[in-house]
Amino acid sequence: MNDILTIADLKARAKRRVPKMFFDYADSGAYTEGTYRANEDDFQKVKLRQRVLVDMTNRSLESEMIGQKVSMPVALAPTGLTGMQHADGEMLAAQAAEEFGVPFTLSTMSICSIEDIASVTTKPFWFQLYVMQDRDFVINLIERAKAAKCSALVLTLDLQILGQRHKDIRNGLSAPPKFTPKHIWQMATRPLWCMQMLGTKRRSFGNIVGHAKSVTDLTSLSVWTSEQFDPQLSWKDVAWIKERWGGKLILKGILDEEDARMAVSTGADAIIVSNHGGRQLDGAPSSISMLPRIVDAVGGNIEVHLDGGIRSGQDVLKALCYGAKGTYIGRPFLYGLGAGGKAGVTRALEIIRKELDITMALCGERDVRNLSRRNLHQ
Ligand SMILES: Cc1cc2nc3c(=O)[nH]c(=O)nc-3n(C[C@H](O)[C@H](O)[C@H](O)COP(=O)(O)O)c2cc1C
């Protein structure tokens, strides 16, 4: 991994190792992919204030997200089908995050289950919840997350219906994956990936099969998932989930000032400014462009986090300067996973940590918690 210096290097290696349909599943956005591109591009528009002749020794990246200590304010975002980037992907990423001292968030739509992650980690992880129409199943997930001692519930609000990604349709990617001759060819050209997949039993949605009513095999699972996202989800459901869960609650998918103020009134612990990595509303603004407005709108009444487009420590720093208390990476850790399993995820985190540290120093700051808008060139 010594020749890997950037997240882009990890992405290039992942592309060579992961079958096309799964690499494309990660590296795609909805429709024109305009919002997906804007998430990355808009970080380049934010300029940093360079300072000189200030003491740059004894620097610290340690911080807190929702009151929990983190070695740097960068969590792993929940991503579906992560176990298809690399065999046992969620377990490997969770272990890498735990060793690094940052939160790992398990998606409802993961391949490895809540119990799988609990069995290979020693510290609490976070669980992301999609509110399915089958509310008994939602209760089942919440109870399992409690039993696994998850220390936060990340409730995703921006997927009431599914945005369309053309690449997935062209690749014939279905949920769960079905394998046609084209797919078998794609996999045959990635022999290492195939060998690792042969060594695991986890090739379907681990949180769902055997837990949701009537889902016993791949066919019933396919029908169930296509019908289950809830187009009628409302703020009342958020209150119901909050009560049922009873622990730390993070609302994910806020991109509008009015929604941010509504989120404050729910009493949740944090919001994530997010457009689902450009995978839902194509044409929506980038996360980083909305961050300062949302921070101002909530006026310190709720912790604000951000995801979308972070590809470097400089990007993390810019979000922190605008007032985010924490950030998340999705694709950067997926590329790491595809490129080299657990070591690749660790490498992604190391790259971001080093960039964040050096950039903070050159901005004349020694403590990540002191970053603010005065570090931006406005
Ligand atoms: C392949 C992939 C799968 C995702 N699956 C989920 C999911 O299951 N639940 C969820 O809340 N967000 C999901 N997201 C969105 C991420 O949590 C996060 O918002 C996004 O990846 C951040 O953007 P970034 O990839 O540019 O870092 C997914 C994103 C990707 C790339």
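Mentor: UniProt, in an unreviewed entry, puts a "binding site" at Y25, R165, H276 and R279; its positions follow the numbering used here, feature names are shortened, and annotations may be inferred rather than shown by experiment. These residues span 255 residues in sequence, yet no two of their C-alpha atoms are more than 13.4 Å apart, so they gather at one spot. Y25, R165, H276 and R279 are also included in the lining of the largest pocket (a pocket is an open set of points on a 1 Å grid over the protein atoms alone, with protein on both sides within 12 Å along at least five of seven lines; lining residues have an atom within 4 Å of a point).

This is a predicted model, where local features need pLDDT of at least 70, side-chain atom pairs count only at pLDDT 80 or more, and totals for chains, interfaces and linings use all residues. Residues are numbered from 1 along each chain as its sequence is written, and side-chain values use heavy atoms, with hydrogens and water left out.

Now H276: look in the loop between β8 (270–273) and α13 (287–298) (helices, H or I, of at least four residues and strands, E, of at least two are DSSP runs, numbered from the N terminus). H276 has 14% relative accessibility, so it counts as buried (under 20% relative accessible area, 1.4 Å probe, protein chains only). Setting aside residues up to four places away in sequence, H276 touches Y130, T156, D158, L159 and K252 (heavy atoms within 4.5 Å).

R279 sits in the loop between β8 and α13 too, and is buried at 11%. Beyond four places in sequence, R279 contacts residues including Y25, R165 and R331. A polar atom of the R279 side chain lies 3.5 Å from the backbone oxygen of A26.

Conventions: On a 1 Å grid over the protein atoms alone, a cavity is a set of points where a 1.4 Å probe fits but cannot get out, and a pocket is an open set with protein on both sides within 12 Å along at least five of seven lines; lining residues have an atom within 4 Å of a point. Buried means under 20% relative accessible area, exposed over 50%, partly exposed in between (1.4 Å probe, protein chains only). A polar contact is a pair of N or O atoms within 3.5 Å; within protein, one must be able to donate a hydrogen and the other to accept it, and residues adjacent in sequence count only if both atoms are side-chain atoms.
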